[in-house]
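Good morning, colleagues. May I ask you to turn to the structure on the screen while I go through it?

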Amino acid sequence: MIVTAVLCIAVALFFLFSGGAKASDTVIVRSESGEERVSLLEDRCFSLTSHGITLTLEVKQGEIAVVSSDCPDQTCTQMRPIGIHNGGSIVCLPALVEIRSEGRSDGHDQPHAVAY
């Protein structure tokens, strides 16, 4: 019992001090028009058109999300935001758009979900 408690505390301290959940303050937005780095430090909304589909992206409080899209299934609008503290990626396959956290080298930047 004591060994388990000590192990749990050690793991918690490791993640607390190693920045285990921290990502970057920049995301990479890749579409048919190329690749763009977007800062998560300034709140804003912007639109992106790729393969005839328009996505509206919102940067708010250090996170980015797809808030609206012309894509047929709207899966990309239902994905959780990614950002400074949680990393990850958002993908819209109909538009061939990928939004991913920059700077992760530990394998945690895999897609959370894929929109078909």
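Predicted model: local features only at pLDDT ≥ 70, side-chain atom pairs only at ≥ 80, totals over all residues.

The protein chain contains two helices and nine strands. Their order along the sequence is α-β-β-β-β-β-α-β-β-β-β. The chain has 116 residues, of which 36% count as buried. Its exposed surface comes to about 6900 Å², and carbon and sulfur atoms supply 59% of that area. As for contacts between residues at least 6 apart in sequence, 36% join residues at least 24 apart.

Let me turn to the sheet. Which strands form the open sheet, and in what order? The order is β3-β4-β5-β6, with antiparallel pairing. Strands β3, residues 44-50, and β6 stand at the edges; each has a single partner strand, so one side of each is left without a neighbour in the sheet. The pairing of β3 with β4, residues 53-60, is antiparallel and runs over seven bridges. Within that pairing, Ser 50 stands opposite Ile 53 of β4.

Beyond β6, I would point out one glycine. Gly 87 is located in the loop between β6 (82-83) and β7 (89-92). Is Gly 87 buried or exposed? Gly 87 is buried, because its relative accessible area is 0%, and the cut-off for burial is under 20%. Gly 87 and Ser 101 are separated by 14 residues in sequence, while their C-alpha atoms are 5.1 Å apart in space.

I come now to the charged side chains. As a general point, side chains of opposite charge can pair when their charged atoms come close. The count of salt bridges in this model is five.

Consider Glu 98 and Arg 30, whose side chains form a salt bridge at 3.2 Å, N to O. This pair links distant parts of the chain, since Glu 98 belongs to strand β8 (residues 97-101) and Arg 30 to strand β1 (residues 26-31), 68 residues apart. Glu 98 counts as partly exposed at 22% relative accessibility, and Arg 30 counts as partly exposed at 33%.

A further salt bridge joins the side chains of Arg 37 and Glu 102 at 2.5 Å, N to O. Here, too, distant parts of the chain are linked: Arg 37 is in strand β2 (residues 34-39), and Glu 102 is in the loop between β8 and β9 (114-115), 65 residues apart. Glu 102 is buried, with a relative accessible area of 18%.

Arg 100 also pairs with Glu 98, in a salt bridge of 3.9 Å, N to O. Which residues do salt bridges with shared partners join into one network? They are Arg 30, Glu 35, Arg 37, Glu 98, Arg 100 and Glu 102.

Glu 35 sits in strand β2 and counts as partly exposed, at 42% relative accessibility. Its side chain makes a polar contact of 2.6 Å with the side chain of Arg 30, and another of 3.5 Å with the side chain of Arg 37. Apart from neighbours within four places in sequence, Glu 35 is in contact with Ile 28, Val 29 and Arg 30. Finally, Glu 35 and Glu 98 are 63 residues apart in sequence and 9.4 Å apart in space, C-alpha to C-alpha.

Definitions and conventions:
Residues numbered from 1 in each chain as written. Heavy atoms only, no water. Helix = DSSP H or I, 4+ residues; strand = E, 2+ residues; numbered from the N terminus. Buried < 20%, exposed > 50% of the residue type's maximum accessible area, 1.4 Å probe, protein only. Contact = heavy atoms within 4.5 Å. Areas by Shrake-Rupley, 256 points an atom, 1.4 Å probe, with all protein chains shown as cover. Pairing = 2+ DSSP bridges. Salt bridge = Lys/Arg side-chain N within 4 Å of Asp/Glu carboxyl O. Polar contact = N/O pair within 3.5 Å; in protein donor to acceptor, adjacent residues only side chain to side chain.
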